[in-house]
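Have a look at the model on the screen, and I'll walk you through it.

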Amino acid sequence: MSKFRDLFGGDELQKIFNAGLSKGDVFLHDFPGIDHLKMFIVIGISQDIVYTCSVYINSSIHPFIAKDKKLLDLQIPILKSDNPFLHHDSFASCNSPIKSSSENIQSKIQDKSCKVIGKICAKDLAQITLALKTSGVLTVEEIELYFS
């Protein structure tokens, strides 16, 4: 029996992936240099070139971040009770957004180093988006690109 992805060519599969990709999607990925799988949330998407702006999910706040009020303000609490994919209450880290193309995410899904695990609740998505847009870590052009 054929797999779904075997029925389509690469371009068609990418178009299907792009059509289904949306703000709030949560992925689990094996990032280089990190000794465990990391969750990240797609927060902004550029419709024209299909680039994404994402943030990591952390289970705790690093002591270095806890000592810096500006960095600490960019750690948005997200509750397990609102987000069933979480194992425990966590934090969305908005201090260093991840910029990636949908093609990159799709290729990581195909090589099985990344998978979709859920969707962040609407309330948390709104808080994370606001924190990221007002954080100063994105340029005005990036804000327009990902959030317009």
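This is a predicted model: local features need pLDDT of at least 70, side-chain atom pairs count only at pLDDT 80 or more; totals for chains, interfaces and linings use all residues.

Let me start with how elements are named: helices (H or I, at least four residues) and strands (E, at least two) are DSSP runs, numbered from the N terminus. With that in hand, A66 sits in helix α2, residues 63-66. Residues are numbered from 1 along each chain as its sequence is written, and side-chain values use heavy atoms, with hydrogens and water left out.

Is A66 buried, exposed or partly exposed? For these words, buried is under 20% relative accessible area, exposed is over 50%, and partly exposed is in between, with a 1.4 Å probe and protein chains only. A66 has 42% relative accessibility, so it counts as partly exposed. Apart from neighbours within four places in sequence, A66 is in contact with I61 and L72, where contact means heavy atoms within 4.5 Å.

Now to the sheet. Two strands count as paired if DSSP finds at least two bridges between them. Six strands form an open sheet, ordered β4-β5-β3-β2-β1-β6, with antiparallel pairing. β4 and β6 (114-119) are at the edges with a single partner strand each, so one side of each has no neighbour in the sheet. On average, neighbouring strands are turned by 40° against each other, direction ignored; axes here are lines fitted to C-alpha atoms, for helices over the stretch in contact, and angles run from 0 to 180 degrees between N-to-C directions. Zooming in, β1 (residues 25-29) and β2 run antiparallel and are joined by four bridges. F27 has F40 as its bridge partner in β2.

Which helices pack on this sheet? One is α4 (residues 102-110), which touches β1, β2, β3, β5 and β6, and whose direction makes about 105° with that of β5. Another is α6, touching β2, β3 and β5, with its direction at about 90° to that of β2.

Let's stay with α6, residues 140-147. Its buried residues include E142, Y146 and F147. These cover an arc of only 100° around the axis, which puts them on the same side of α6; the arc is that of the directions from the helix axis to the C-beta atoms. On the face turned away from that buried side we find the exposed residues V140, E141 and E144. The cover over the buried residues of α6 includes β2 (38-45), β3 (51-58), β5 (90-101) and α5 (122-134).

That brings us to α5. Buried here are D124, L125, I128, T129, A131 and L132. They cover an arc of only 165° around the axis, which puts them on the same side of α5. The opposite face carries the exposed residues A122, L130 and T134. What covers the buried residues of α5 includes β2, β3, β4 (75-78), β5 and α6. After α5 comes G136, whose phi is positive, near 85°.

Last stop: N83, in the loop between β4 and β5. N83 has 0% relative accessibility, so it counts as buried. What does the side chain of N83 reach at 2.8 Å? The backbone nitrogen of C121. The N83 side chain also makes a polar contact with the side chain of D124, at 2.8 Å. A polar contact is a pair of N or O atoms within 3.5 Å; within protein, one must be able to donate a hydrogen and the other to accept it, and residues adjacent in sequence count only if both atoms are side-chain atoms.
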